[in-house]
Amino acid sequence: MKKQHRFSIWYAIIGMWAVLFLHNMIAGSLTVKNIPYSEFVKAVKEGKVSEIAISENEIQGRMLGSEDGAASNALFRTVRVDPEISQLMDENNVKYSGRIESNFLGTLLSWLVPIAIFFGFWVFMMRRFQQQSGFMTIGKNKAKIYVDDEVSVRFDDAAGVDEAKQDLEEVINFLKEPQRYTRLGGQIPRGTLLVGPPGTGKTLLAKAVAGESGVPFFSLSGSEFVEMFVGLGAARVRDLFKQAKEKAPCIIFIDELDALGKARGVGMAGGHDEREQTLNQLLVELDGFDANVGVILMAATNRPEILDPALMRPGRFDRQVLVDRPDKTGRVDILKIYLDKVEAGTDIDPEKIAAMTVGMVGADLANLVNEAALLAVRRDKASIGMADVKEAVERVVAGLEKKNRLINSEEKEIVAYHELGHALVAMALPGTDPVQKISIIPRGIAALGYTMQVPTEDRFLMRKTELDNRIATLLGGRAAEALIFNDISTGAQNDLSRATDIARSMVKEYGMSERMGQVYFANKQQPTLLGVVGEAGGQYSDETAKTIDEEVRRIIDEQYDVALQILAANRELLVKTVGQLLKDEVIEGDALIDLAESVTHAEITDDSPAPVKTGQDM
């Protein structure tokens, strides 16, 4: 792809100075100086005049001399006084003629050349200005057009989305062999919508389709259609489809379609909103163009639930391709692509990295590899090692490590007991994610320590027992503080929030409360890919709402009691391990394995042990 140079005001200033300098040179070289006749006669006698042209009333010629030490051959003009001037010229060997030397061409050039330069520079400046600001491009689309040799992306560059690639292969085959699909009267789907969470590779897949099929690729964002001028977006839609038909077969790709295709009638603007007019024009164009001409419309969004229903009906975007989060195999393939672009060490194992990055998408994995490379460079290493990758995972998940933050010994001890409480409860309960690291080094914005649990496999369903154990693990930090200090701190704020969210979902959404029964109490909402669910008043009575709150409280209290019983049974191990954690600040590897083997799996009873004062043991 050719490099695009941005216009700068300095180009205009330099160009104006160049034109003025050139004009002065041309005009200066052709300037005719008027001199008195007496000075002319004197110059002739001194041998300074080389040649002259004599007319009836005027004498014009060239005078030899020097200006500022440099030889000059200046033109001069004077009034003719002596009719018999030829004798004077003969005596001084001056060449003369009976016609005036014409300077019409030089005069003409002195005016035309600057004008031509100014005009050319003005045209260049206006074109640059139009390309960058959109000025005087009313109704012209802003799509970036890539020809077939400029799209270097192929399906091999898009890993972890094998199912989506299979769906899109039909689009490629249609662009390569349209007769194969039209001979039986069939039509290719007019619009293909790529749906998936952010960072899963939707835009990359669209470019790969263009690269594999070898056709022009129109790429633009949904927000580029809508501007402040009424009707401008609709005009750009018309111009886009017009250009696409001229370059067919081709692909039109609209990224972030939700910026343009949001459901109409939503918001304060009403039906005359500029965005809605643009959407109406897009719907008309989708109905109006023949799919068999070879124009394929593709779009991507991570919010399909807010798109206008008319946009999603058959005949428009009638095919949806899910670009989901990659599984472990997909993450391995993605990691191999990005690790091939850096200097990876021999100890790098994509399988282990994929196991540590459950839930991450392609963009997350690319950032992970980049962070590992930066860490390796910072340490002056020749290649990236597994230790760099592990630290990069912690940095992405928990935040930047802050070893210089000063924490007093009392607070540091509370943090140590808190984090060990999480770890021991997680090790004692079945079905929890394995603990990979315990640290009391501050990270991120507010984390004074953290217990890192990494899933060993992808999970799509959670049992009630597993959710209960997760709540107990979250409450293990608060339980350890209460057990050891007979007091609690503010460090459990995030733990309490997450535990309460899980318990409320168990009661309202999953039907995991015997008292509430198999009833769904949450708001009826369309599924989202971002995981953001608004919470408003439910469609149930105040008495039911009170019962829901009681059930959430019951689940939290029960799992808190479970955490207390486990920590009470492992009290001696808890106190012993705190000393090691305060000394080393981190527990991982073999020390963590030994700790897991030493944990007592307590038998959970209905009676919860009361917190015991152990100030003498601290």
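Biologist: What covers the buried residues of α17?

Modeller: This is a predicted model, to be clear. The cover over the buried residues of α17 includes α15, α16 (464-474), α18, α19 and α20.

Biologist: And how many residues of α17 are buried?

Modeller: 9 of its 10, so the helix is mostly covered, with buried meaning under 20% relative accessible area. Among them are G476, G477, R478 and E481. Just after α17, N486 has a positive phi of about 55°.

Biologist: Is α15 mostly covered or mostly open?

Modeller: Mostly covered. In α15, 15 of 20 residues are buried.

Biologist: What span should α15 have, and what does it have?

Modeller: At 1.5 Å a residue, the 20 residues of α15 (409-428) should span 28 Å. The end C-alpha atoms are 28 Å apart, so the two agree.

Biologist: Now the largest nonpolar core. How many residues, and which have the most contacts inside it?

Modeller: It has 32 residues, and I438 and L595 have the most contacts inside it. The elements giving two or more residues are α15, β12 (435-439), α17 (476-485), α19 (542-569), α20 (571-584) and α21 (590-598). α15 gives the most, with 10 residues.

Biologist: What does L595 touch, leaving out residues up to four places away in sequence?

Modeller: L420, L424, M427, I438, L573 and T577. Another core lies apart from this one, with 27 residues, among them F155, I188, A208 and F217.

Biologist: Switching to charges. Where does D495 sit, and is it buried or exposed?

Modeller: D495 is in helix α18 (493-508). D495 is buried and has no salt bridge.

Biologist: Why no salt bridge for D495?

Modeller: The nearest side chain of opposite charge is R498, at 4.6 Å.

Biologist: What does the D495 side chain make a polar contact with?

Modeller: The side chain of H418, at 3.0 Å. Leaving out residues up to four places away in sequence, D495 touches H418, H422 and L474.

Biologist: How many salt bridges are there in the whole structure?

Modeller: The search finds 17. One of them joins D549 and R504, at 3.4 Å from N to O. That pair links distant parts of the chain: D549 is in α19, R504 is in α18, and they are 45 residues apart.

Biologist: Which residue does D557 form a salt bridge with?

Modeller: R553, with the closest N and O atoms 3.0 Å apart. They are 4 residues apart in α19, so about one helical turn separates them. D557 is partly exposed at 33%, whereas R553 is exposed at 57%. Salt bridges that share partners also join R515, E550, E551, R554 and E558 into one network.

Biologist: And D162, which residue does it form a salt bridge with?

Modeller: K165, with the closest N and O atoms 3.8 Å apart. D162 is partly exposed at 39% relative accessible area, but K165 is buried at 15%.

Biologist: Last one. How many helices and strands are in the chain?

Modeller: 21 helices and 14 strands. Of the 618 residues, 42% count as buried.

Conventions
Residues numbered from 1 in each chain as written. Predicted model: local features only at pLDDT ≥ 70, side-chain atom pairs only at ≥ 80, totals over all residues. Heavy atoms only, no water. Buried < 20%, exposed > 50% of the residue type's maximum accessible area, 1.4 Å probe, protein only. Lys, Arg positive; Asp, Glu negative; His and termini not counted. Salt bridge = Lys/Arg side-chain N within 4 Å of Asp/Glu carboxyl O. Polar contact = N/O pair within 3.5 Å; in protein donor to acceptor, adjacent residues only side chain to side chain. Contact = heavy atoms within 4.5 Å. Expected span 1.5 Å × (residues − 1). Core = buried A, V, L, I, M, F, W, Y, C linked by side-chain atoms within 4.5 Å.
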